[in-house]
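Work through the exercises below with the sequence and the structure at hand. Each task is followed by its solution.

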Amino acid sequence: MLKLVRATNADIAEISEFLSIADLTLSGLDSPNVHLWISRDETTGRIFATTGYESSEDGQHALIRSVAVAPELRGGGIGLDLAEFAMQRAVEAGAKQAWLFSRRSGPFWQKAGFSSAHTDDLALALASTHQVQLFAETGQLGREVAWSKLL
């Protein structure tokens, strides 16, 4: 069973390093609107899985982010468990719809119940999030692929 604990500010540097290896967005990880959980190897203490979400201003939308599994553990269902965990926490916080960006992992997110969505719709629903703001500022928003799921 995967043991996830709420990340603290003391974990952010290590989470950033882990997510950069997975080529995931690091923007705003220390923001109060970004909710992160980690799982550590009991022997080594190193992070091997992360998950989280960022809330919209009204709390109705959640941007699923930072779902990552150490490369040597991929393919065993941990990623789907992480995605489900983040969505459940978002629902508990009042979210009605989950969104995410993914250019490479569409089939994975479809297994988790997501459907293709318009990037503009995601950007509108989650305009205040760090990831949307970063992607808009850098021009990356137009190159992204959006996904959505009613919760």
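Two strands count as paired if DSSP finds at least two bridges between them. The model used here is predicted.

**Exercise 1.** Find how many bridges join S6 to S7, and state how the two strands run.

Solution. Strand S7 covers residues 146-150. Three bridges join S6 to S7, and at least two are needed, so the strands pair. They run antiparallel.

**Exercise 2.** Give the strand order of the open sheet and name its edge strands.

Solution. The sheet has seven strands in the order S1-S2-S3-S4-S5-S7-S6, and its pairing is mixed. The edges are S1 (5-6) and S6 (115-117), each of which pairs on one side only. Helix H1 packs on this sheet and touches S2, S3 and S4. The direction of H1 makes about 100° with that of S3.

**Exercise 3.** Determine which element gives the most residues to the largest nonpolar core.

Solution. This core has 35 residues; Ile15, Leu36, Ile64, Leu82, Trp109 and Phe114 touch the most other members. Elements that give two or more residues include helix H1 (12-21), strand S2 (34-40) and helix H2 (78-92). H2 gives the most, with six residues. Apart from this core lies another of 12 residues, among them Phe135 and Leu141.

**Exercise 4.** Decide whether glutamine 131 is buried or exposed.

Solution. Glutamine 131 lies in helix H5 (residues 130-138). Its relative accessible area is 8%. Buried means under 20%, so glutamine 131 is buried. Beyond four places away in sequence, glutamine 131 touches Thr25, Glu54, Leu63, Arg65 and Phe101.

How values were computed. Residues are numbered from 1 along each chain as its sequence is written. This is a predicted model: local features need pLDDT of at least 70, side-chain atom pairs count only at pLDDT 80 or more; totals for chains, interfaces and linings use all residues. Side-chain values use heavy atoms; hydrogens and water are left out. A nonpolar core is a set of buried Ala, Val, Leu, Ile, Met, Phe, Trp, Tyr and Cys residues joined through side-chain atoms within 4.5 Å. Buried means under 20% relative accessible area, exposed over 50%, partly exposed in between (1.4 Å probe, protein chains only). Helices (H or I, at least four residues) and strands (E, at least two) are DSSP runs, numbered from the N terminus. Contact means heavy atoms within 4.5 Å. Axes are lines fitted to C-alpha atoms, for helices over the stretch in contact, and angles run from 0 to 180 degrees between N-to-C directions.
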